[in-house]
Amino acid sequence: MTHTNLDNFHLVDIKNPIHPSIFYDDNEYDLFILRLPQIKNDSFDLHSYAFIITEESYYYYDKNKDAFNDLKDFKHFYHFLNKLINTTMKLTTSFSSSISDLEELVYQEKTHKNFNSIWFSHKNDLIKINRVLLKAIDALEDIMFKYKNEDDYLERNFADIQEHIQRANRNIEHSLEKLDTLFSFYQTQVNEQSNKIVYILTLLSGIFLPLNFIVGFFGMNTTSLPFTKEDGGTLTVVLILIIAALISTLITLLMRRR
């Protein structure tokens, strides 16, 4: 298989490193592009793998060498795809484990200080993977439909590949649901903490508001203030403050019970 045997538009698609999964049915050959998420160090990357299917053989386009590798027969073609999809399944499993760890921390009220950024990063990655896998599932269904009457070899041998990629997508969708539930729970925790803080501030305001009024009243630089000419006037004011604080606290507690 050489470049000259292909339609120019198809060749552009083959060389496109971010082309989505798709299946083209042509008279002389079939073009199958499969885009999958693959593990890259501690993260992932999206790769597009292009294949040309003829009556004689199966070809994989190596983007690094800009050449077609002859996979020779269906068996090698199948194992090549199966290896790619198994790597994708490992990636989706690692995402599920990471979200489970985050979930355990939140439910134990050991919330990570960067929860929002971690949550958004996972959400963004999972949505990307979900879209890519849905396109890959559609492309696999198209190629299976095209060849299902030819000795049923694709139906028989691709059944597990289709099931694996569907399972990987189910893992992603389940992880997305867990993320949404986790965010709702986290927001509930944050709201409860905020309500507690507001409640405490309200209690303190209810207690200290009358005290501030009394202190402000006796702090005025005016004549004829009570207790200014009596012995023990300061002690009397202190006692008034204590009594006012006790009354305010009692009233606040009674209102809380109601």
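Analyst: Gladly. Buried means under 20% relative accessible area, exposed means over 50%, and partly exposed lies in between. Please keep in mind that this is a predicted model.

User: What makes E103 count as buried or exposed?

Analyst: The relative accessibility of E103 is 19%. The cut-off for buried is under 20%, so E103 counts as buried.

User: Which salt bridge does E103 take part in, and how do you know that the pair qualifies?

Analyst: The side chains of E103 and K178 meet at 3.5 Å, N to O. A salt bridge needs a Lys or Arg side-chain nitrogen within 4 Å of an Asp or Glu carboxyl oxygen, and the pair of E103 and K178 is therefore a salt bridge. E103 belongs to helix 2 and K178 to helix 5 (residues 159-218), so the bridge ties together parts that are 75 residues apart in sequence. K178 also has a relative accessible area of 19%, so K178 is buried.

User: Why is the contact of K15 and D66 called a salt bridge?

Analyst: The N to O distance for K15 and D66 is 4.0 Å, and the rule asks for within 4 Å, so the pair is listed as a salt bridge. K15 lies in helix 1 (residues 8-15), and D66 lies in the loop between strand 4 and strand 5 (67-70), so parts that are 51 residues apart in sequence are tied together. With 38% relative accessible area K15 is partly exposed, and with 35% D66 is partly exposed.

User: What about K123 and D180: which labels do these two residues get, buried or partly exposed?

Analyst: K123 has 17% relative accessibility and counts as buried. D180, at 37%, counts as partly exposed. Their side chains meet in a salt bridge at 2.6 Å, N to O. Since K123 sits in helix 3 (residues 115-147) and D180 in helix 5, the pair ties together parts that are 57 residues apart in sequence. Elsewhere, salt bridges that share partners join E163, R167 and R170 into one network. By this rule the count comes to 5 salt bridges.

User: Let us turn to the rings. How many aromatic pairs are there, and what makes the pair of Y60 and F80 tilted?

Analyst: The count is 13 aromatic pairs. For Y60 and F80, the centres are 4.6 Å apart and the planes make an angle of 45 degrees. Pairing asks for centres within 6.5 Å, and an angle under 30 degrees would be stacked while one over 60 would be edge-to-face, with the rest tilted. The pair of Y60 and F80 therefore counts as tilted. Y60 is in strand 4 (residues 58-62) and F80 in helix 2 (residues 74-107), so the pair links distant parts of the chain, 20 residues apart. Y60 is buried at 15% relative accessible area, whereas F80, at 24%, is partly exposed. Both belong to one aromatic cluster, which also includes F32, Y49 and F51.

User: How do you know that the length of helix 2 agrees with expectation?

Analyst: At 1.5 Å a residue, its 34 residues should span 50 Å, and the end C-alpha atoms of helix 2 are 49 Å apart, which agrees. E109, which follows helix 2, has a positive phi near 60 degrees. V106 lies in helix 2 and is buried, with a relative accessible area of 0%. The C-alpha atoms of V106 and F185 are separated by 8.1 Å, though the two are 79 residues apart along the chain.

User: Which residues form the nonpolar patch on the surface?

Analyst: The patch is formed by L235, V238, L239, I242, I243, L246, I247 and I251, with about 740 Å² of accessible area together. I242 lies in helix 6 (residues 233-257). At 44% relative accessibility I242 counts as partly exposed, and patch members need over 30%.

User: Where is confidence lowest, and where is it highest?

Analyst: Confidence is lowest in helix 4 (residues 153-157), at a mean pLDDT of 63, and highest in strand 4, at 92. The mean pLDDT of the protein is 82, and 87% of its residues reach 70 or more. Where pLDDT is low, the predicted coordinates should not be read in detail.

User: And how many helices and strands are there in the protein?

Analyst: The protein has 6 helices and 5 strands, in the order α-β-β-β-β-β-α-α-α-α-α from the N terminus on. Of its 258 residues, 37% count as buried.

Conventions. Residues numbered from 1 in each chain as written. Predicted model: local features only at pLDDT ≥ 70, side-chain atom pairs only at ≥ 80, totals over all residues. Heavy atoms only, no water. Phe/Tyr/Trp six-rings, centres within 6.5 Å; stacked < 30°, edge-to-face > 60°. Helix = DSSP H or I, 4+ residues; strand = E, 2+ residues; numbered from the N terminus. Buried < 20%, exposed > 50% of the residue type's maximum accessible area, 1.4 Å probe, protein only. Expected span 1.5 Å × (residues − 1). pLDDT = per-residue confidence, 0-100. Patch = residues over 30% accessible without salt bridge, like charges linked within 9 Å, V, L, I, M, F, W, Y side chains within 5 Å. Areas by Shrake-Rupley, 256 points an atom, 1.4 Å probe, with all protein chains shown as cover.
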